[in-house]
Amino acid sequence: MTEFLVNRTKPDAGVTPDAMQAVEVAVQEALRAWGCEPTQLLQVLRHAQEALGYLPPPALERIAAELRVPIARVRGVVAFYSFLYAEPQGTYRVLFSDNVTDRMKGSADRLREMSQRLWVEPGKVSADGLVSLDRTSSIGLCDHAPALLVNGRPVPDVDAARAAQLCDLILARVPLDAWPRELFTVEDHIRRADVMLNDPLRPGEAIRAALARGVAAGNGPQATLDEIKGARLLGRGGAGFTTGVKWESCSRQPVTPRVVVCNADEGEPGTFKDRLLLGRYADMIFEGMTVAAYGIGASQGFVYLRGEYRYLLDALRDTLERRRRDGLLGSGICGCAGFDFDVQIHVGAGSYVCGEASALVESLEGKRGIPRNRPPRLAEKGYLGRPTIVNNVESYCAAALIVLHGADWFRARGTERSSGTKLLSVSGDCERPGIYEYPLGVSVRQVLEDCGARNTIAVQAGGPSGACLGQDEFERRIAFEDIETGGAFMVFDGSRDMFEVARHFAHFFAHESCGFCTPCRVGTSLLRNLMDKIRDGKGSQHDLLTIEELCGLLRNASHCGLGESAGRPLLGTLQRFRPAYERRLESPAVEPAFDLDGALARARRMTGRDDPGAHLGEAP
Ligand SMILES: Cc1cc2nc3c(=O)[nH]c(=O)nc-3n(C[C@H](O)[C@H](O)[C@H](O)COP(=O)(O)O)c2cc1C
Ligand code: SF4
């Protein structure tokens, strides 16, 4: 990182010629790596920032000019993503993961200790510019909580001794490359493996199987689509859409080229199974993407890798390179003339909503990650208007195995309506947090037994936007017909205060709302404020009613799934753990905290969205 961009002794000294030169070098380097198309804006900004430490105004101006996009759009993109910085950051940038499971394992204490020792407040840069310290949403290391990132590198299991060691290294200005390697070692906790994690799939095997199926059936790529449909694979990212139907619909679009996108955003707090797949099963993912490309007739592929997993990028690129050398990517894959497909990895920049498929596509196009209006569906008009499929990392792995072993093999596991296995990311109050692969249909109780959970009072399945399950629901099953989950399985024992858990989730959604539509932007902030008010002992029964009303409004009037599910953890805990709320109430008297309709009306007017159709989310 170039420190001399900022003259800390003479802040008004302006940008020096040396600094301008550094900006020029960084921007040119980023353009060489990513090109000058406007779609590359986010990647160019990230690349330049890695060299400069932040994005000073001259860098933004140069990038705007080179990519021929308005400077206002560049500034808008920088403001949207948490990991893009318009202000200087510390030479060491420490970001504490702020999932509820990190807090349960002491992250607040570690943050306080480091803050005191390093003389820097959370959210600030130290006066000498050495270190900045902050929190960020879950970084996907819940099995290693509390965890943090230093300049994008993961530091797991941060106990008091490790926090002190980090401070020593930072204060001694030891370069990160010279830090003890074990500080950055993230062990993959595979606790239960089934057909996916046990499968030693050899690179190219599934692609060749897809080609062979097409020849045997005499219908080429359609045989692949038939196999995926026959397997009844439902998407593993959370929503459970039928993969085969999505692929077939995309394959029927007249427009080419078509696009295959792998959603590796894994932003749902409590989920970390894609981290394992990306780190150890990359061939299986790329194999699944290539099979998908064959099935739908796509030539272009993207992996959208969350910014928090930047440290996985080099190994993923190496795998892609090897696959190109082996003829598994590029032109004429596996010797099949006309089968051309390649994959590029785009790195996100810290935005939960970018996991939503249409927001992700916007982000891939170099824009702010605002979810699109639908229709049209992405399968018709996705990346740059091209027919596009977006699937979760685990879905592509499952697809590769289905094509290799067949639909019947896949359907032999799981339940009638939920075939196959599912990876669960188990964390929280249990002896053995980690990844568990089960046939779908496994009971919550079975998972709790296997992970060594005791005195469990609640499980949050599917992350904050999923389901809160009380003790009387532990016989329920993880399956699309019962408890749907993208994979998060957070365990809470009797020592936990479920009101505080819900309050944390309310803060999460208020922070992550992209602000595009009024119900979500205002509603999530109001919910957060109400939860804080109750925490402070100033809440009333009326506030509980207002929470319920707001949750209903969010569910029905939000533009995308984030807003729709933002009220779920509050409703779930209110239903199952109401005493945790009620014992905090100041008085049973009705005491309105605010005028809900008035607050919404003002916000609607401010954004020009006060027409009756505003709740449908039409673009302003
Ligand atoms: C706010 C929000 C965040 C999401 N984050 C992710 C994510 O990180 N990974 C993912 O695969 N799907 C995520 N989804 C679901 C995607 O929109 C989409 O349904 C999924 O990628 C489709 O893949 P699948 O059919 O293979 O599950 C998210 C949805 C919403 C509303
Ligand atoms: S519901 Fe609206 S404000 Fe909330 S994340 Fe979705 S588009 Fe953005």
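**Ligand 1**

I began with asparagine 263, where a polar side-chain atom lies 2.9 Å from an oxygen atom of ligand 1. I take a polar contact as a pair of N or O atoms within 3.5 Å; within protein, one must be able to donate a hydrogen and the other to accept it, and residues adjacent in sequence count only if both atoms are side-chain atoms. This is a predicted model, in which local features need pLDDT of at least 70 and side-chain atom pairs count only at pLDDT 80 or more, while totals for chains, interfaces and linings use all residues. Residues are numbered from 1 along each chain as its sequence is written, chains are lettered from A and ligands numbered from 1 in the order in which they are written, and side-chain values use heavy atoms, with hydrogens and water left out.

I then looked up asparagine 392, which has a side-chain N or O atom 2.8 Å from an oxygen atom of ligand 1. At glycine 355 I found a backbone N or O atom 3.3 Å from a nitrogen atom of the ligand. On its own, ligand 1 has 610 Å² of accessible area (Shrake-Rupley method, 1.4 Å probe), and the protein covers 87% of that.

I listed the shell next, counting a residue if one of its heavy atoms lies within 4 Å of the ligand. There are 19 residues around ligand 1, and the closest are Gly237, Ala357, Asn391, Asn392 and Ser395. Strand S10 (388-392) supplies the largest share, three residues. Helix H22 (561-565) supplies at least two. I sorted the shell into five nonpolar, nine polar and five charged residues.

**Serine 419**

I located serine 419 in the loop between helix H17 (407-411) and strand S11 (421-428). The side chain of serine 419 reaches the backbone oxygen of alanine 231 at 2.7 Å. Beyond neighbours within four places in sequence, I noted contacts (heavy atoms within 4.5 Å) of serine 419 with residues including Arg232, Leu233, Phe410 and Leu440.

**Helix H2**

I turned to H2, residues 41-52, which reaches 16 Å from its first C-alpha to its last, close to the 16 Å expected at 1.5 Å a residue. Nine of its 12 residues are buried, among them Leu41, Arg46 and Leu52.

Terms used. Helix = DSSP H or I, 4+ residues; strand = E, 2+ residues; numbered from the N terminus. Expected span 1.5 Å × (residues − 1). Buried < 20%, exposed > 50% of the residue type's maximum accessible area, 1.4 Å probe, protein only. Nonpolar A, V, L, I, M, F, W, Y, C, P; charged D, E, K, R; others polar.
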